[in-house]
Amino acid sequence: MTRALSNPQATPAARRLYDYLCSLQGHGCLTGQMESVWCGTPEHEMNYLLSRTGRLPAIRGLDFIDNDFAGVVRRAMEWHARGGIVTICWHTGPDFSSSYKQSQEEDIDWATALTPGTPAYDALIAGMDRAVPYLKRLQMRHVPVLWRPFHEMDGKWFWWGKGGPEGFVKLWRMMYDRYVNHWSLHNLIWVLGFSDATADLAPWYPGDEYVDILGGDSYKGGAQGGLYAQCAAIAPEGMPICYHENGEIPTRTQMEEEKAPWVWFMTWHTSWIVNNDKNPQEKLHEVFHDPYFINLNAVPDLIDETEA
């Protein structure tokens with residue numbers, strides 16, 4: 001079943017990508033890899049995979065962390081031009097101009113920051129607007145983005161989860177409304193990433209009209225069938241469910257045995273991918289050469305040249 005995107009004004013490129021993702025549920029799994037920018041080159045993880053498997057992942061994970069807006073946009077455009085799929089997250093403090101440390105250590109006054117007309121509210125939306133020109137640039141180049149803000153909210157280790165489910169849902173809807181309806185960002189596919197720290201995920205769900213894809217994060221190994229079941233219990237019929245972030249890569253056998261047909265996995269960067277004890281080279285070769293897993297070279301052509 002193919003669902004419609006939550007945004008009825010979604011760009012043709014976003015709709016093509018979403019239709020493709022919907023078609024994969026239970027039939028295939030895209031490979032994904034998060035990049036890092038502090039290992040000498042942002043190609044560090046991609047080069048590692050290519051040298052060990054001869055393959056590159058279908059999805060490249062990027063992060064606006066440390067205000068790397070221009071770099072992320074450049075690499076996103078390059079990856080898209082190669083036929084790849086782009087996903088972007090944002091580790092930042094509540095000022096939206098800081099970094100990982102502040103994303104965990106700082107917080108907002110939830111009562112005032114979510115109340116329109118207050119200085120705290122104005123500061124919050126001004127902060128989240130910092131990404132808009134860069135996402136607009138991607139929209140102008142017809143690059144659809146798997147946009148995954150405010151991930152692992154239910155773990156409450158990031159500031160965006162510290163207001164509890166009610167505060168988080170309001171925050172997510174605020175950004176959605178701001179980006180889609182105020183700024184006309186129509187190239188975003190909204191991806192909600194839960195953690196594996198909470199038994200009851202439902203209170204954290206913003207609603208079908210604000211989410212296009214949901215998934216879970218886990219660094220505990222295997223295919224995390226229990227986490228998949230938790231996500232599937234929330235997802236409406238036809239919504240793709242992704243392994244939003246993973247440490248150890250699941251094999252096809254593990255996914256089948258645990259009944260976890262994720263539409264993609266995205267391995268975290270640095271030691272999670274390059275240390276042989278977490279993802280041994282034998283496993284990397286097995287997964288990236290298994291026809292069930294879709295690498296960069298096997299992603300169908302989703303680019304319409306008439307839009308260029």
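**Entry 1: leucine 138**

I began with leucine 138, which touches Val73, Ala76, Met77, Ile88, Val143, Val145 and Asn187 when residues up to four places away in sequence are not counted; contact here means heavy atoms within 4.5 Å. The model is a predicted one, in which local features need pLDDT of at least 70 and side-chain atom pairs count only at pLDDT 80 or more, while totals for chains, interfaces and linings use all residues. Residues are numbered from 1 along each chain as its sequence is written, and side-chain values use heavy atoms, with hydrogens and water left out.

I placed leucine 138 in helix α7, where helices (H or I, at least four residues) and strands (E, at least two) are DSSP runs numbered from the N terminus. Leucine 138 counts as buried at 0% relative accessibility; buried means under 20% relative accessible area, exposed over 50%, and partly exposed in between, with a 1.4 Å probe and protein chains only. I also noted that leucine 138 and arginine 74, which are 64 residues apart in sequence, lie 9.1 Å apart in space, C-alpha to C-alpha.

**Entry 2: the nonpolar core**

I then looked up the largest nonpolar core, which has 103 residues; such a core is a set of buried Ala, Val, Leu, Ile, Met, Phe, Trp, Tyr and Cys residues joined through side-chain atoms within 4.5 Å. The residues with the most contacts inside this core are Leu30, Ile88, Leu146, Trp147, Tyr179, Leu214 and Trp264. Helix α8 (residues 164-182) gives the largest share of this core, nine residues.

I followed one of these residues, leucine 146, and found that, leaving out residues up to four places away in sequence, it touches Leu17, Leu21, Ile59, Ile85, Val86, Thr87, Ile88, Ile189, Val191, Ile213 and Trp264.

**Entry 3: salt bridges**

I recorded 10 salt bridges in the structure, a salt bridge being a side-chain nitrogen of Lys or Arg within 4 Å of a carboxyl oxygen of Asp or Glu. Arginine 178 forms a salt bridge with aspartate 129, and the closest N and O atoms are 2.7 Å apart. Because arginine 178 lies in helix α8 and aspartate 129 in the loop between α6 (119-128) and α7 (132-140), the pair ties together parts that are 49 residues apart in sequence. Both arginine 178 and aspartate 129 are buried.

Helix α8 also holds glutamate 166 and lysine 170, four residues apart, about one turn of the helix, and their side chains meet in a salt bridge (3.5 Å, N to O). I noted that glutamate 166 counts as exposed at 58% relative accessibility, whereas lysine 170 counts as partly exposed at 44%.

In helix α4 (residues 100-105) I found lysine 101 and glutamate 105, four residues apart, about one turn of the helix, with a salt bridge of 2.6 Å (N to O) between their side chains. Glutamate 105 is exposed, with a relative accessible area of 56%. I also saw that Glu35, Glu43, Arg60, Asp68 and Arg75 are linked in a network of salt bridges.

**Entry 4: a pocket and glutamate 245**

I next looked up the second largest pocket, with a volume of about 190 Å³. On a 1 Å grid over the protein atoms alone, a pocket is an open set of points with protein on both sides within 12 Å along at least five of seven lines, a cavity is a set of points where a 1.4 Å probe fits but cannot get out, and lining residues have an atom within 4 Å of a point. Of the 15 residues that line this pocket, the closest to its centre are His91, Tyr100, Phe158, Glu245 and Trp268. The lining divides into eight nonpolar, four polar and three charged residues.

Glutamate 245 lies in strand β8 (residues 241-246) and is buried, with a relative accessible area of 2%. Leaving aside neighbours within four places in sequence, I found glutamate 245 in contact with Arg148, His151, Glu152, Gly216, Asp217, Ser218, Tyr219, Met266 and Trp268.

**Entry 5: the cavity**

I counted one cavity of 30 Å³ or more, and the largest cavity has a volume of about 60 Å³. The largest cavity is lined by Met34, Glu35, Ser36, Val37, Trp38, Leu62, Asp63, Ile65 and His269.

How values were computed. Points joined across faces, edges and corners; volume = space filled by probe spheres on them. Nonpolar A, V, L, I, M, F, W, Y, C, P; charged D, E, K, R; others polar.
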